[in-house]
Amino acid sequence: MYDVVIGLEVHCELKSNSKNFSGATNGYCEQPNTQVSPIDLGLPGIMPFVNKEAVKKAVKVAKALNCKVPSRMIFDRKNYFYPDLPKGYQITQVTEPVGQNGYVMIEVDGEIKKILIHDTHLEEDTANMEHMSNYSLINYNRCGVPLLETVTEPCMSSSKEAIAFLETYRTILLYLGVSDARADQGQIRCDVNISLKPKNSEKLGVRTEMKNINSFANVKIAIESEIRRQEEILSNGGIIEQETRRYDEVNDCTHLMRSKEDAIDYKYFIEPNIPPIPLTSDFLEEIEKEIPTLRYDRIVKYKDEYKLTEVEANTLTREKEISDYFEACINLGINYKTAANWITGPIISYLNKEEVPIDNIYLTPALLKELITMQEDGRISSKQAREVLEKVLEDKKPPVQVVDELGIKQIGDDNTIREIVIRLLDEHNDLVEDYKKGKNVFNFFVGSVMKETKGQANPAMTAKIVKEEIEKR
Amino acid sequence: MEYMNKTIDEIRKALDSKEITSEELFVEAKEKALKYQSTYNSFVTILEDYQNEKINTTVLSGIPYALKDNFSTTGILTTASSNILKDYVPIYDATAYKKLKEAGAILVGKTVLDELAMGGTGTTGHTGVVRNPWDKNRLIGGSSAGSAASVALGIVPFALGSDTGDSIRKPAAFGGVVGFKPTYGRISRFGLFAFASSLDHVGCFTRSVKDAAYVTDILKGKDEHDMTSLNDDGKAYSETLNNDITGRKLFYIKEACNLELYKNSNDPELLETLNKFQETIAKAKEIGFEVEEVEFGKDLLEALYPTYMSISCAEATSNYANLTGIQFGVRGVGKSIEDIMFDARTKGFSELIKRRFILGSYILQRENQEKLFKNAGRIRRMIVNRMNELFKTYDGLLMPASGGIAPKFGETSDQLSDRYLILENHLVIGNFGGFPSITIPSGFVNEMPISVNITGRVMEDDVVLNMANKLEEALGYKGLVKEEQ
């Protein structure tokens, strides 16, 4: 049996108005080669200028990953020939990555695990290439888009852990608002390193690398497929060659891309056209202030402080916007549990059904509070509150107005209800007798009152009055 | 009446007094360019039509000039004198070109260089060799060969060049004109085809120090496209040229200039050049300079050439990795993408260029980088530190720009003699440290011009120009032109 050792390199495109080193637009665009500047094309004489926004976002991620951030930003050139890289080199960071020696906490099957981050560095994306039978097409829209690469230590031991890390990392990016991290648009991509070693052995085995896996689901499958391949080789007494492999989705296996002997020497050297950019302590502090409480810490808080369940805490924090909404509710004084119930229940099912983000719905935390208050004051029943909520979301009208328009008015008046109860008790003397024999007849009387009042009687009050009056008989 | 053989001041006066129009100047420059082209081959492209969108009040407005063919010019062929770019027409403007356009200067043509600016002879351009106006059988030097020749011939009063090792200042010396490269970053490099980014400078050729100041005043300043460009220092260099230089201290390098070293030399041109240099020193002292001989450090001086080659070839392999014929340039043929690029680069570059790329690639290889590339960087730092130490005492380094006159075509040089190792290579010190550095004519040897060079402290472009202007006045070679009889 073998221990599996996995390391990940995750590439993620950062959001910004312009590209990392040019003024061309950074954004997804269907029309090829429309967001391109001479700089992206690597025309003779071009020079890079660094996008400050991208630097800021990279620093933000580095900080969120608990990395050491150097006092200056320097870039290096990674040299290789391929048409997706028109300059003939990629501007990246090797000498001094923006984030070094960090960690992130993940949860796998209820266990907390610390994943070590080797580094995170800012670089530029390459162009897209599409290879046809006897020609290739190049789309430079993506060329030069700010790309953040985060490299973990080889410290994961299963595809489950790898996926948990990827999910956690993606959520961090989303919480920080630095990327949309959409795999379907190629914004987040992953290289996986895998090696196997005899169980409990100290010495790492020979690793293989799989490049550019474009979805988390495929990462899982690819890892499992490669583990199988290595296991088979090792248990047959074979040896693993250090090589780069490509995952083949169609046949669910990996193919050799290039062996160690063919490894490219990228001839890194410091980019001479970008003088070191100082990262002052003021600048770093300013960025630190912009980092929100991240998901992991929110879950801990919701469980420990707000006494919410695991499921509730997880659901509420899956998206930062929902978690922020929940916290806005708490700040308005809504009870933790009540807010959690409303949000994880009807509100999230509405979001899922309509496929809208929580920021776009009409029901603000203040309006939710209005609704909850009406229910707590006994003006509407909990069943009615659900109806009102639906109407509020659909008609985009405040709860008070919806209650008026629906003609829902709870009868909270003691005398009105008492009159009906006394009459009903008179009419159903037999049931009063049953009660005295120990039978439960409350539901019948409460139900009858609701029927007569078209559901407008306050159920709690009705039950109380029924009990008082029946006791008198 | 001719104007193109005059200085900018004189031409300015003629324009302002309506004695001549800008268009007439262009025609004169163009006709001269065409007339000299078959003999001297200064130009890759001579523009057909006069174009001036912006007549204004700058000193350069309406004045024709030439541009080295490695500056990006929208819609105008820009070849860097290389076959791989022989049909390349840029789609954007270099900042220096744009600034001249905005100042109203009139482009006459694009000048020949050593292929990709990598060379010092002016003989490796894809359109043929550039000849020295003072002697057709001699080279003018490079890489900014055509720019130097066009100013020396009186085709234009000024031309732009680029200087990575000595590519402006050496051909200026061989052509008997002024060649100035200011402090690194003073003029934006955006749009200059990068050769070795940490050493590349934009600069100019003129026929007077004052004209070099005029051109630099227009070109300098921060450019958002070049992160290494300097903020404008707010000075007008052309206005402080006559400041008093009394007491300014200059030094020259003993290991290169001391006559004792060459006792056994059988190179009369070298000896005469060095004797003339002593005469220049005497004249400098007469007008108030203090000049001293300084021992620089022979080890450092002998390291100049290998250090330069290591850094420049390494950076060049990366900078010119964009020349694959895929995005632009001459497309190669082949079955795979790799084959197509391989073919384009095999056919597109001369042997010399390929040799330098191989050298650069070797120097950058993982196993060699520490020893070759990084050590070169360390030596560069030591040399710059030595200069800065001397600059605590001295305002400038005064040196003969070359150990002799322009060589004849095919003349072989003894690369390892002190003359070639130090006297022919010291100008690179200016590139290592980004120091402002200017070459001005200082006399003749065998009817060929010789020159001296002044290199000053970083940022003190004004001081260097001021000192050079005073020395130029004392030497009396301002406005030197070689016109065919």
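Mentor: Contact here means heavy atoms within 4.5 Å. This is a predicted model, in which local features need pLDDT of at least 70 and side-chain atom pairs count only at pLDDT 80 or more, while totals for chains, interfaces and linings use all residues. Residues are numbered from 1 along each chain as its sequence is written, chains are lettered from A and ligands numbered from 1 in the order in which they are written, and side-chain values use heavy atoms, with hydrogens and water left out.

Trainee: OK, how many residues of chain A are in contact with chain B?

Mentor: On the chain A side 36 residues take part, and they touch 38 residues of chain B. Put together, the two chains bury about 2,800 Å², buried area being the accessible area (1.4 Å probe) that two parts lose on being put together, summed over both. Carbon and sulfur atoms give 65% of that area, and on the chain A side Pro44(A), Met47(A) and Phe81(A) lose the most, together 23% of what that side buries.

Trainee: Switching to domains, how is chain A divided?

Mentor: Chain A has domain 1 (2-283), domain 2 (293-406) and domain 3 (414-472), with bounds that come from an automatic or database domain assignment. Taken over C-alpha atoms, the centres of domain 1 and domain 2 of chain A are separated by 38 Å, and the contact between these two domains takes eight residues from domain 1 and eleven residues from domain 2. Domain 1 and domain 2 of chain A bury about 760 Å² between them, with 64% of it from carbon and sulfur atoms; on the domain 1 side, Glu107(A), Thr171(A) and Tyr175(A) supply 67% of the buried area, more than any other three residues. Salt bridges across this domain interface number zero.

Trainee: What does the domain assignment of chain B give?

Mentor: In chain B, domain 1 is made of two stretches, 8-246 + 397-475, and domain 2 covers 301-380. The C-alpha centres of these two domains of chain B lie 26 Å apart, and their contact takes 30 residues from domain 1 and 27 residues from domain 2. About 2,600 Å² is buried between the two domains of chain B, 68% of it on carbon and sulfur atoms, and within domain 1 the residues Ile84(B), Met118(B) and Phe432(B) lose the most area to domain 2, together 30% of what that side buries. Between these domains, too, the count is zero salt bridges.

Trainee: Then let's look at actual pairs. Which residue forms a salt bridge with Asp252(A)?

Mentor: That partner is Arg228(A), with the closest N and O atoms 3.5 Å apart. The pair links distant parts of the chain, 24 residues apart: Asp252(A) sits in the loop between strand 12 (243-248) and strand 13 (253-259) of chain A, and Arg228(A) in helix 3 (residues 216-235) of chain A. Helices (H or I, at least four residues) and strands (E, at least two) are DSSP runs, numbered from the N terminus. Asp252(A) is partly exposed at 31% relative accessible area, as is Arg228(A) at 44%, where buried means under 20%, exposed over 50% and partly exposed in between (1.4 Å probe, protein chains only).

Trainee: In chain B, which side chain does Arg248(B) meet in a salt bridge?

Mentor: Arg248(B) meets Asp395(B) at 3.2 Å, N to O, and this pair also links distant parts of the chain, 147 residues apart. Arg248(B) counts as partly exposed at 25% relative accessibility, whereas Asp395(B) is buried at 10%.

Trainee: And how far apart are Asp343(B) and Lys347(B) in helix 11?

Mentor: Asp343(B) and Lys347(B) are four residues apart in helix 11 (residues 337-348) of chain B, so about one helical turn separates them, and their side chains meet in a salt bridge of 3.1 Å, N to O. Asp343(B) counts as buried at 15% relative accessibility, while Lys347(B) is exposed at 58%. As for networks, salt bridges that share partners join Arg418(A), Lys464(A), Glu468(A), Glu469(A) and Lys472(A) into one.

Technical notes: Salt bridge = Lys/Arg side-chain N within 4 Å of Asp/Glu carboxyl O.
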